[in-house]
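I open this notebook to keep track of what I look up, one topic at a time. The entries follow the order in which I went through the model.

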Amino acid sequence: MKEFGMLHVYTGTGKGKTSAALGLALRAAGHGAKVTMICFMKGDPTYGEAQAFRFIPGFTIRQMGRDSFVNFRDPDPIDVQMAQEAWEEGKRILLEKEADVLILDEINLAMAKHLIDTEEVVSFLHSHRGRTEVVCTGREAPQALIEEADLVTDMQEIKHYFTLKNIPIRDGIDH
């Protein structure tokens with residue numbers, strides 16, 4: 001694909017960061033791009049995106065986190081290991097030029113909570129993204145990543161039915 005190689009950051013407290021990345025993935029796949037999405041935190045195979053990818057040619061998803069919540073105050077060593085393995089897979093994909101678009105879902109939070117090293121991630125992305133479009137999602141994007149990025153979107157919650165109406169997560173919409 002031509003003219004790929006930008007770094008996108010989708011962050012903030014609002015809903016829609018992963019959804020925005022998936023919209024970009026769908027658009028890119030529609031133009032014949034190879035897309036890989038690495039999920040740092042979302043290991044549950046029942047997530048809609050984990051089920052839908054098999055219907056989209058050229059789109060691969062790799063769920064590399066556990067299917068339970070990470071305790072960020074005292075992360076389990078397995079969560080640190082899994083985040084580091086996910087980052088190693090992302091680096092491999094970039095080095096081997098395996099994808100036109102690489103989505104690193106929830107990497108921002110993995111860096112913010114010190115599961116992986118921010119300085120290493122930003123330095124590597126600066127030097128190695130080449131012709132691969134890279135999308136980093138998650139709350140609390142580190143300032144160094146924001147400064148390195150070509151596009152930053154900060155999604156802020158204004159209103160949400162979870163808090164307003166106590167509506168639980170809905171399959172196909174939120175999960």
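**Entry 1: Ile146.** I started with one residue and listed its neighbours. Leaving aside residues up to four places away in sequence, Ile146 touches Ala141 and Val152. The model is a predicted one, which I note here once for every entry. Ile146 sits in helix 6.

**Entry 2: helix 5.** Which residues of helix 5 are buried? For this helix, residues 118-128, I wrote down Thr118, Val121, Val122, Phe124 and Leu125. Viewed down the helix axis, these buried residues fall within an arc of 165 degrees, so they line one face of helix 5.

Next I looked up what covers the buried residues of helix 5. The cover includes strand 1 (7-11), helix 3 (77-95) and helix 4 (107-112). It also includes strand 5 (133-137) and helix 6 (143-148). Helix 6 is the element that holds Ile146 from my first entry. After helix 5 comes Gly130, and its phi is positive, near 50 degrees.

**Entry 3: the nonpolar cores.** I looked for the largest nonpolar core and found that it has 28 residues. Which of its members touch the most other members? They are Phe40, Trp87, Leu104, Ile107, Ile116, Leu125 and Cys136. Strand 1, helix 3, strand 4 (101-105), helix 4, helix 5 and strand 5 each supply at least two residues of this core. Helix 3 gives the most, with five residues. As a general remark, nonpolar side chains tend to be buried together in soluble globular proteins.

**Entry 4: salt bridges.** How many salt bridges does the structure hold? I read off 10. I followed Arg62, which forms a salt bridge with Glu89, the closest N and O atoms being 2.8 Å apart. Arg62 lies in strand 3 (residues 59-63) and Glu89 in helix 3, so this pair ties together parts that are 27 residues apart in sequence. Arg62 is partly exposed at 23% relative accessibility, whereas Glu89 is buried at 16%.

Arg62 also meets Glu98 in a salt bridge, at 3.1 Å from N to O. Glu98 lies in the loop between helix 3 and strand 4, so its pairing with Arg62 in strand 3 ties together parts that are 36 residues apart in sequence. Glu98 is partly exposed, with a relative accessible area of 22%.

The side chains of Arg92 and Glu96 form a salt bridge too, at 2.8 Å from N to O. Arg92 is partly exposed, at 25% relative accessibility. Through shared partners, salt bridges join Arg62, Glu89, Arg92, Glu96 and Glu98 into one network.

I went back to Glu89 for its other contacts. Its side chain has a polar contact of 2.8 Å with the side chain of Arg92. Leaving out residues up to four places away in sequence, Glu89 touches Ile38, Arg62 and Met64.

**Entry 5: cysteines.** I searched the whole structure for disulfides and the count is zero. For Cys39, the nearest cysteine sulfur is that of Cys136, 13 Å away. A disulfide needs sulfur atoms within 2.5 Å. Cys39 is buried, with a relative accessible area of 1%. Cys136 is in no disulfide either, and it is buried with a relative accessible area of 0%.

How values were computed. Residues numbered from 1 in each chain as written. Predicted model: local features only at pLDDT ≥ 70, side-chain atom pairs only at ≥ 80, totals over all residues. Heavy atoms only, no water. Buried < 20%, exposed > 50% of the residue type's maximum accessible area, 1.4 Å probe, protein only. Helix = DSSP H or I, 4+ residues; strand = E, 2+ residues; numbered from the N terminus. Arc of directions from axis to C-beta. Contact = heavy atoms within 4.5 Å. Core = buried A, V, L, I, M, F, W, Y, C linked by side-chain atoms within 4.5 Å. Salt bridge = Lys/Arg side-chain N within 4 Å of Asp/Glu carboxyl O. Polar contact = N/O pair within 3.5 Å; in protein donor to acceptor, adjacent residues only side chain to side chain.
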